[in-house]
Amino acid sequence: MELTGAEIFVRCLIDEGVDSLFGYPGGAVLHIYDALYRQDKLKHFLVRHEQAATHAADGYARATGKPGVVLVTSGPGATNAVTGIATAHLDSIPMVVFTGQVPTSLIGNDAFQEVDSIGITRPCVKHNFLVKDIKDLAKTIKLAFYVATTGRPGPVVVDLPKDVTAQRANYYYPTKVSLRSYNPVVKGHIGQIKRAVQMMSEARRPMLYTGGGAVLDNASEELTELTRLLGFPITQTLMGLGAYPSPDPLFLGMLGMHGTYEANLGMHNCDVLIAIGARFDDRVTGNIEKFCPNARIIHLDIDPSSISKNVKVDVPIVGSVKSVLTEMLKLVKKSSFSTDKQAVAEWWTQIEEWRSMDCLKYDQTGDIIKPQMVVEKLYEVTEGEAFVTSDVGQHQMWAAQYYKFNKPRRWINSGGLGTMGFGLPAAMGVQIAYPDATVACITGEGSIQMNIQELSTLKQYGLPIKVITLNNGYLGMVRQWQEFFYDKRYAMSYMESLPDFVKLAESYGHVGMLIDKPGDIEAAMREAMKIRDRVVFMDFLTDREENVYPMIPAGAGQNEMILV
Amino acid sequence: MRHIISILIENEAGALSRVAGLFSARGYNIESLTVAPTNDASLSRMTLVTRGTDEIVEQITKQLNKLIDIVKLQDMTVGSHLEREMMLVKIRVADHHEREEVKRFADIFRGRIIDVSEQTYTIELTGSSSKLDAFIENLGKIKVMELVRSGVLGMTRGETILSL
């Protein structure tokens, strides 16, 4: 039977197993919205701004591991989605974004709501497709999901001209597709894996450094088993948190610009560095000239272009984290394998000395709320089981430092692009994926205003997100840099005329709370957790000039931290 | 160092801009770029000349390989290879002496005069890029009015080929 392009689109998504679609209608996608109206298998969530649709789909993808799916209209619909697409691209999140397009006959004519979506999104997608022929529609959709979810994942854009969604064709959704030009490697080279394991056995001051790749590839179990068998210290990037249980003694905390003293000194002084699904980002390495001066480096990554991009490595392994770690485990479990136990024990003595500095300690004696305490209390109240999303800035770093993530896919933040406005819509996507879970969005009074309109969406779908605003009246991270590096000239980092967030939340039909005493934090949070049918917007008035420590200033080495 | 990278790419709209966009986005330089269909209608062949350290060229080839439309690529400069570029150059020949001079240069460089007018010669010249450079240099004071180069084409020597 022949279906219209719009009907084919809907059938494809259903056959692909998509359950949630995030979007916003407009002229170029009206045929599709009509087809959505006439079915009940695929649930569409109406956001209030297209950027939020992409972040919500992104949050959904990060929490579930399934691709997030977005539908927006042409022109401004597509351009509004770009920030979310770039966010997903930098963090390698699988996502398929469908953009409406003007009819093929009008493409290139500066038609109403026309923009070159393929051209605009090209630098921030894994790949994009323009469907010009109805006969290619189903296959292209399959290819989009295939490319987005395999190899190093990423966002894929499919541009759909309006006339294509009206034409008719027979429906056939391929179960398998392939591309002659795209064959991502899965299995690592066994010779390289053996060399890596040999190097681990020789290590005297080993260090495991893992990133988002371990989370994306669902390799948490293998990583945890390998780390424990080796007994090596492990640190994780901002994107990697949760892949290894944070409360575990082998875990040294996050590394990098706001990493712990022990993690960064461990990196600086190690003799064998085992990098797993991490990409030696500048926020991790600090000054590249001073990075791990005495280490031999093993680097496991699914993307060959990540290897030796920033740091030259000694043993590169291209492959999926899960499959390579599985191979490594086999070798490490052999009776012939051993580590240099004495040397590693001495290394641990050194690490414990660094750890005893207790670099994350803070002083909560006064009657002003310390932002760190809010995050710690959230950890206690949720027993470490919440999904935590964040925006970008100081609150993001405190969330990463003080919420001890036990499981992967629970920490959801924009690491690569650093997108303010990510947290609230991302939380929306997470709550839609897991309706019964506790989802908290740790944010600041600056970031939250970048997508605050989504409070309306949250009301429409009754999503009980806990918004934890660390409100210091400043764009805190900007202010911190200005304090340190610009002689306290606080240019534009102070916001006058903040809204009354309690009333604002109430006007959207949610619950608002203002908390300004340290003693009230816990009770307020426990109260908030009981509310399950709408958002609780918790506005915590915190110490205005608290800074994030430790800090590696830009251009410094990992051993050159500012501690207090 | 100068590298010649040959690329087989899906013959699709937008494929060229993916390559060009990659170079501008990542700050790599392109000295020349040529692209045309091959004997396989589904494929285009692109030849790209770039300069960079070994590390940069390694990144360039890795990043190119990551583009979904690129089927295969090869750095020609790694092994023994052939390199050709074509140039058309229109020259002002004011008098008999200059005509003689230009004709002589064209012969020495195995170029052909393919168009003549009262005061101009247009010469077609094929060879390595450095040969074309040498020709221009040798013209000395003789005035070049217009010059167009095709960009480099490359192919490996002997049995090895770049194919699917």
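Reader: Which residues is A:V70 in contact with, leaving aside neighbours within four places in sequence?
Author: This is a predicted model. In it, A:V70 contacts A:F22, A:G23, A:A53, A:T54, A:A57, A:A81, A:M95, A:V97 and A:F98, once neighbours within four places in sequence are left out.

Reader: And in the largest nonpolar core, which residues touch the most other members?
Author: A:V70 and A:L273 do. That core has 189 residues.

Reader: Which helix gives the most to this core?
Author: Helix α6 of chain A, residues 137–149. Eight of its residues belong to the core.

Reader: What does the second, separate core include?
Author: Ten residues make up that core. Among them are B:I91, B:V93, B:Y121 and B:F135.

Reader: Sheets next. What is the strand order in the open sheet of six strands in chain A?
Author: β11-β10-β9-β12-β13-β14, with parallel pairing.

Reader: Which strands stand at the edges?
Author: β11 (251–254) and β14 (315–318) of chain A. Each has a single partner strand, so one side of each has no neighbour in the sheet.

Reader: How are neighbouring strands of this sheet turned against each other, on average?
Author: By 15°, direction ignored.

Reader: How many bridges join β12 to β13 in chain A?
Author: Five. Strand β12 covers residues 272–276, β13 covers residues 296–301, and the two run parallel.

Reader: Which residue in β13(A) is the bridge partner of A:I276?
Author: A:L300.

Reader: Which strands does helix α8 of chain A lie across?
Author: Helix α8, residues 190–202, lies across β9 (206–210), β12, β13 and β14 of chain A. The helix runs at about 135° to β14(A).

Reader: Switching to chain B. How many helices and strands are there?
Author: Four helices and eight strands. Along the sequence the pattern is β-α-β-β-α-β-β-α-β-β-α-β.

Reader: What does the C-alpha trace of chain B span along its principal axes?
Author: About 55 × 35 × 30 Å. Chain B has 164 residues, and 26% of them count as buried.

Reader: What share of chain B contacts with a separation of 6 or more comes from residues 24 or more positions apart?
Author: 72%.

Reader: Last one. How many residues does the contact take from chain A and from chain B?
Author: 13 from chain A and 15 from chain B. On the side of chain A that touches chain B, six residues are nonpolar, four polar and three charged.

Key
Residues numbered from 1 in each chain as written. Chains lettered and ligands numbered in written order. Predicted model: local features only at pLDDT ≥ 70, side-chain atom pairs only at ≥ 80, totals over all residues. Core = buried A, V, L, I, M, F, W, Y, C linked by C-beta atoms within 7 Å. Buried ≥ 20, exposed ≤ 12 C-beta atoms within 10 Å, placed from the backbone. Contact = placed C-beta atoms within 7 Å. Nonpolar A, V, L, I, M, F, W, Y, C, P; charged D, E, K, R; others polar. Pairing = 2+ DSSP bridges. Axes fitted to C-alpha atoms, helices over the stretch in contact; angles between N-to-C directions.
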